Structures are given as C-alpha cells and as structure tokens.
Amino acid sequence: MKTKDRSESFHVLLWRTYLIQPCWLVAKSLLEHFREAHRVMKESYYSKIERQIDSFPSLPTTVAEVMRVVNNPESSAKELTQAILPDQSMCVAILKIANSALYGRPKKVSSIETAIMVLGFNEIQNIVLSKSVLSSFAEKLHRDDDIIDTFWEHSFTCALAAKVIAEHLNLQPPGEYFIGGLIHDIGKLAMLLTLSDEYAVETWLTGFSTTEKLKKERELFGITHQEVAGKLLRKWSFPDKLTFGLEYHHNPEELTENQDFALILQVADAMSFLLCQHSREEERDQIEENFSISQQLQELLPGIVEKWKRYKLPWDELPVEMWYNWLEIEKKHGSSILSILSAQ
Ligand SMILES: [Fe+2]
Ligand SMILES: [Fe+2]
C-alpha cells in the first residue's frame, strides 16, 4: 500500500514538474508578452495622438485677433469689426447666423457692425471659434459619410441642448454653452485623424460614452477623447472655461471650478443622445411610453440629480421635460447653422 502511495505521489510530482508547471509558465510568459505588447501599442497610440495635436495648424489669424479684442475690456466695436472684416467667409457666416431663426431677430442684420451690436462681443467670438474649429476639421478629414454626419448631428443637438438649458437657468453667455456642446467631442475626430485604421468609427465615434466605454478607451488608446480635446484647445489658446469644460464633460465632479459648465455639457450630451435616438421611429414609442425624459437621463447618468443639487443647479421633472421639447423645436429651426459653420 505504502509503495502504491509513493508511486502515486511520484506521478503527481512528475505531472506537476514536467506538465502543469511548464504549461503554466508558458501561459504566464505569454500573458506578460501580451501585456508588454499592449503597453507598447498604447504608448505608441498616445505619442501619435500627441504628435498629431502638435502638428495641427494654428487657427486662422482672425481667431487670435478676435480673441485679443474680445478679451480686452477697453476694446471698441470698431476694433472688433476690423478684426473680422479681412476674413470674408467669416463675415458671411456671422451675417447668416445673425439672420437665422436661431436668433429670431425681427430686423435683417446687414453689416458686421450691426451684428456686433445685436449679438454682442461674446456671441461673435463664439461664432468665430465654432466656425474655425469646424472648418479646420472639415478640411483635414476629407470624409463625407453617414457616420461623420451622425457625429455632427449629435454635436449640434448637444450644442442646442446646452444653450436651451443655460438660457433657462439664466447662465451667461448662452453662446458659450452652444460652442461647448458643438465641439465637446472633437477629441474623437482628432483620434480618428491620427489612428484612421485602429479607431473603429462605429464603436468610438458615435453612441453614448458610458463610464465603462471611457475606461475601455483609455485602456486601448492610453487617453480619452475628452483629454485629447483639452490638449487641442490648450494648443489653440481657447478660454479656460471652455477647455476645462470639454476636458471634464464626462466627469465634471472632478473639476475644482466652473463645474456647472461641464455639468450642463454632460446633460446636454445625454439629452442629445436621447433626441437623436428617439428620432429613429422604431425606438421612440417603446422608450417614451414607459419613462419620462428625466428618468431616461438618470438612467444614462446615474447620480446626476444629486450631483446637480450639490452644485446648486435645479433639477425637476417639468423643466427637464420642457428643455427637451424646446430642444426638438430649436433643432428644427437651426438646421442650417451647422452647414454655415462647417463651410470652408
Ligand atoms: Fe464625450
Ligand atoms: Fe457626445
């Protein structure tokens, strides 16, 4: 019996030493190899993205000039006019937008001077910044497909939603919220430009960015689209509020100031996702019958009501429903704005 036991334990030892252990070692070394390869790939994606951002051309001189004039409290409307006039396509865009249904002016705006008087310095700066960013990407992407259209539809709807909420909460200037919403996801476009083969547009360019999706994005590329946007806006010397708002639009609670700006972008993003999804007929009835807009937003953004209350922003069923209805109307009225801003 003892001999049998001994021979059994010998077999177990043999099995462990020559079969299991080598298999385990091979598996371990494969895993280490895989981890190392993944780390190298992530680092190379990250540095490629950084290089892409560095190589982005500066925005046109009009932008720098307009920002300089607007940020100087001593500036006059005449100086702002002089900063814009050399850029003919910018003048056309400003006049078209000033006369669009989005602003609903009763009288026709026919000169840049009047547009400045009617819209104000900040609104003009927002139009100039929006147009420069959109034209710059349109020029670089050379893509005209459905997925890019879907991306811009989401961004534009988010811009309108942010503006609607800011106007209702009396946050100034609403145009700043509009541009924040319009360019909130440009980091995704910069990633697409850099990693055109690796960046699967169906996965990354559209759809709602849940916490899990953001985690995956960082795991895969070493950086998230919101951080890429922050880097890009810093390179272009955009105002801090806008830069930080974009950089934290999925985690506004991590900001130390201007949290309300990022919080509104976060909700506008979710609201835009709902509206664009609801416009697809087959999904609309099914979702709308059972849940209110406020409930659907809370489903997408767990804990959002508590977060809003922490930063002294109001959240009630009725206004949220109202924002959504206004958004639907504004979207119908403002459909031409996107093509005006992205025209080269
Ligand atoms: Fe995003
Ligand atoms: Fe988004």
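Predicted model: local features only at pLDDT ≥ 70, side-chain atom pairs only at ≥ 80, totals over all residues.
**Stop 1: helix H5**

Now find what covers them.

**Stop 2: where H4 passes H6**

Two of those covering helices come next. Select H4, residues 88-98, and H6, residues 121-141. Their axes come within 10 Å and cross at roughly 120 degrees. H4 and H6 are therefore oblique to each other. The crossing of H4 past H6 is right-handed. Which residues make the contact? On the H4 side, show Met90, Ala93, Ile94 and Ile97. On the H6 side, show Ile124, Ile127, Val128 and Lys131. Seven residues of this contact are nonpolar, none is polar and one is charged.

**Stop 3: the loop between H4 and H5**

Go to the loop between H4 and H5 and select Ala101. Leave out residues up to four places away in sequence, and Ala101 touches His333 and Gly334. Lys332 is 231 residues from Ala101 along the chain, yet their C-alpha atoms are separated by 9.6 Å.

Stay in the loop between H4 and H5 and pick Gly104. Gly104 has 8 C-beta neighbours inside 10 Å, so this residue counts as exposed.

**Stop 4: Glu176 in helix H8**

Move on to helix H8, residues 174-182, and select Glu176. How many other C-beta atoms lie within 10 Å of Glu176? There are 23, so Glu176 is buried; the cut-off is 20 or more. Which residues does Glu176 touch, once those up to four places away in sequence are set aside? Show Asn122, Asn126 and Leu242. Then take the pair Glu176 and Asn122. They are 54 residues apart in sequence and 7.8 Å apart from C-alpha to C-alpha.

**Stop 5: helix H12**

Select H12, residues 225-235. Eight of its eleven residues are buried, so H12 is largely enclosed by the rest of the structure. Which residues of H12 are buried? Color His225, Gln226, Val228, Ala229, Gly230, Lys231, Leu232 and Leu233. Then follow the chain past the end of H12 to Ser237. Here phi is positive, near 55 degrees.

**Last stop: the whole chain**

Clear the selection and zoom out. How many helices and strands does the chain have? There are 19 helices and zero strands. The chain has 344 residues, and buried residues make up 35% of them. Now think about contacts between residues at least 6 apart in sequence. Of these, 66% join residues at least 24 apart.

Definitions and conventions. Residues numbered from 1 in each chain as written. Chains lettered and ligands numbered in written order. Axes fitted to C-alpha atoms, helices over the stretch in contact; angles between N-to-C directions. Helix = DSSP H or I, 4+ residues; strand = E, 2+ residues; numbered from the N terminus. Parallel < 35°, antiparallel > 145°, perpendicular 65-115°, else oblique. Left-handed = near helix turned anticlockwise from the far one by under 90°. Contact = placed C-beta atoms within 7 Å. Nonpolar A, V, L, I, M, F, W, Y, C, P; charged D, E, K, R; others polar. Buried ≥ 20, exposed ≤ 12 C-beta atoms within 10 Å, placed from the backbone.
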